[in-house]
Amino acid sequence: MVEQEHPKVLDALEIIDSALSLPGFSPKNASDIANELKISQTHLDRLMIQETGLTLYQQIEARRFQKAQDALIANESSLKVIAYDLGFSSPSHFISWFKQR
């Protein structure tokens with residue numbers, strides 16, 4: 001991962017990681033995160049792309065995917081539990097999403 005320096009980017013990534021660490025992850029959308037940071041979504045996306053090469057939405061999805069991969073590799077939970085922990089409404093929705101990546 002590219003080392004970020006802009007405080008708004010670091011704060012946004014912290015919000016994403018914090019949300020992902022809770023069971024039953026409820027994905028925040030990019031505009032919610034921008035509002036929480038008191039910055040426009042467009043400006044935050046520009047900063048995020050400049051620092052990481054990805055938009056805020058892409059960062060959310062990338063981190064969510066990484067958490068899914070880690071959970072599947074660790075094999076400590078069932079597919080159903082992993083799906084619900086990552087905020088999916090069903091294991092089949094999770095599988096479909098995972099395969100697309």
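**Entry 1: the model.** I am working with a predicted model, so I keep that in mind throughout.

**Entry 2: the cavity.** I then listed the lining: Ile 15, Ile 16, Ala 19, Phe 25, Lys 28, Ile 33 and Ile 60. By class, that makes six nonpolar residues, no polar ones and one charged. Helix H1 (residues 7-20) gives the largest share of the lining, with three residues.

**Entry 3: Arg 63 and Asp 17.** Next I turned to salt bridges, and the structure holds three. In one of them, Arg 63 pairs with Asp 17, with the closest N and O atoms 2.7 Å apart. Arg 63 sits in helix H4 (residues 56-74) and Asp 17 in helix H1, so this pair ties together parts that are 46 residues apart in sequence. I noted Arg 63 as buried at 14% relative accessible area, while Asp 17 is partly exposed at 35%.

**Entry 4: around Glu 61.** Which residues are joined into one network with Glu 61 by salt bridges that share partners? I found Arg 64 and Arg 101. The bridge from Arg 64 to Glu 61 has its closest N and O atoms 3.7 Å apart; these two are three residues apart in helix H4, so about one helical turn separates them. Both count as buried, Arg 64 at 7% relative accessibility and Glu 61 at 11%. For Glu 61 and Arg 101, I read 2.9 Å between the closest N and O atoms. That pair links distant parts of the chain, 40 residues apart, with Arg 101 in the segment after helix H6 (91-100). Arg 101 is partly exposed, at 43% relative accessible area.

Methods. Residues are numbered from 1 along each chain as its sequence is written. This is a predicted model: local features need pLDDT of at least 70, side-chain atom pairs count only at pLDDT 80 or more; totals for chains, interfaces and linings use all residues. Side-chain values use heavy atoms; hydrogens and water are left out. On a 1 Å grid over the protein atoms alone, a cavity is a set of points where a 1.4 Å probe fits but cannot get out, and a pocket is an open set with protein on both sides within 12 Å along at least five of seven lines; lining residues have an atom within 4 Å of a point. Helices (H or I, at least four residues) and strands (E, at least two) are DSSP runs, numbered from the N terminus. Ala, Val, Leu, Ile, Met, Phe, Trp, Tyr, Cys and Pro count as nonpolar, Asp, Glu, Lys and Arg as charged, and the others, Gly among them, as polar. A salt bridge is a side-chain nitrogen of Lys or Arg within 4 Å of a carboxyl oxygen of Asp or Glu. Buried means under 20% relative accessible area, exposed over 50%, partly exposed in between (1.4 Å probe, protein chains only).
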